Amino acid sequence: MADHYEVLGVARDASPEEIKKAYRRLARQLHPDVNPGEDAAERFKLVTHAYDVLSDPDQRQRYDLGGDSGAFGGAGAGFGGFSDIFETFFGGGGGGTRAGRPRSRRERGQDALVRVDLTLGDVVFGVHRDIEVDTAVLCETCQGSCCQPGTQPVTCDICHGSGQIQRTVRSLLGNVVTSQPCTTCQGYGTTIPYPCSTCQGQGRVRARRTVSIDIPAGVETGLRLQLPGSGEVGPAGGPNGDLYLEVTVASHDVFSRDGDDLLATLEVSMIDAILGTSVTIDSLDGPVDLEIRQGVQAGDELTIRGRGITPLRGEQRGDLRVAVQVVTPSHLDPKSRALVQELAKRTRPAPPHLAEFHPGLFSKLRGKFKR
Ligand code: ZN
């Protein structure tokens, strides 16, 4: 890989203006529209890339430190530079900047996304969380000015503060005046002679911070909560982007969710199903008393009102619905077996018979049943 300084024919300590001059001179010789030779095209690419790197103070510094990533590997280098120069010398579309107006270093920061893991209990009641967020924050040293304290940006002496360079371009249609962002100040109209050493002149630094948030009840997996203005601070202290929290709700061992209702299976022994009983179950609200009527049937649904989920928009909590699963003993000691046989003689239960198929409200849950 040829040395960028050699490619442009400038000294290693060449000023930005010298680099620009050298580049313009070479581009006029080598641009494919002027010089159709294949060698010229290759050299033009090299020259353009060298200029791309050396005209950007950050990239030039990296290159001087040995960090250039190769011919066309650098961020935004290569053919981006080609089209830039094509526009610079041959007209072409605008650079996105209105003529005569320098652009601001201050830009809005990016949005940030953080994932949050919740339990079903968090969803039922809502939860307060302190969330660690790693984003760009305002540089305390320069307060976003990008300048070493006590110093200021100075008007760019190439574009005299306009951020734009006017060029007269000869084209097939005659002379055309075009306006392009000044490459010395990148269109800002000012340069920063003493960049803040804390943030390297970015006006912001990366930092970990804690964001406190009340996550409302009723959220579900995939939902994104937006916290306006809690994202990244922008370059040069520009306004913050937004922070998004993406919620993932872990599945619960016992309860599952159906809209605002919670579902569970209640395993009831055959004896309790026959005789009825009262039981205290562990709901997500804590212990709840439940009456099981005598003769309760497998698949019967018992509803505990208001022990479900508070909807995201609304206050009326859903219900806790439990489906009865009658558990038949699989082993009986001889005496118990004799008693059940005695019961069979007394009650003469109807023999097994076919009836209409009912998938049942809780067939999905019953599928989980392991016995
Ligand atoms: Zn700073």
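## Zinc site

Donors are N, O and S atoms within 2.8 Å of the metal. In this predicted model, the zinc ion has four cysteines as its protein donors: Cys139, Cys142, Cys196 and Cys199, each through its SG atom. These atoms lie 2.3 Å from the zinc ion. Along the chain, the donors are spaced as C-x2-C-x53-C-x2-C. Cysteine 142 sits in the loop between β2 (127-138) and β3 (154-155), while cysteine 196 sits in the loop between β6 (190-191) and β7 (204-215), so this pair ties together parts that are 54 residues apart in sequence.

The arrangement of the 4 donor atoms around the zinc ion is tetrahedral, because the angles they subtend run from 103 to 117°. Four donors count as tetrahedral if all angles lie between 85 and 135 degrees. The ideal angle for four tetrahedral donors is 109.5 degrees.

Buried means under 20% relative accessible area. Cysteine 142 has a relative accessible area of 7% and is therefore buried. Cysteine 196 is also counted as buried, because its relative accessibility is 1%.

## Serine 283

Serine 283 belongs to strand β12, which covers residues 277-283. With a relative accessibility of 9%, serine 283 counts as buried.

A polar atom of the serine 283 side chain lies 3.0 Å from the backbone nitrogen of aspartate 285. When neighbours within four places in sequence are left aside, the residues in contact with serine 283 are Phe255, Val288, Arg307 and Leu320.

Terms used:
Residues are numbered from 1 along each chain as its sequence is written. This is a predicted model: local features need pLDDT of at least 70, side-chain atom pairs count only at pLDDT 80 or more; totals for chains, interfaces and linings use all residues. Side-chain values use heavy atoms; hydrogens and water are left out. Donors are N, O and S atoms within 2.8 Å of the metal (3.2 Å for Na, K and Ca); water is not among the atoms, so sites may look incomplete. Four donors count as tetrahedral if all angles lie between 85 and 135 degrees; four count as square planar and six as octahedral if opposite donors are over 155 degrees apart and all others between 65 and 115; anything else is irregular. Helices (H or I, at least four residues) and strands (E, at least two) are DSSP runs, numbered from the N terminus. Buried means under 20% relative accessible area, exposed over 50%, partly exposed in between (1.4 Å probe, protein chains only). A polar contact is a pair of N or O atoms within 3.5 Å; within protein, one must be able to donate a hydrogen and the other to accept it, and residues adjacent in sequence count only if both atoms are side-chain atoms. Contact means heavy atoms within 4.5 Å.
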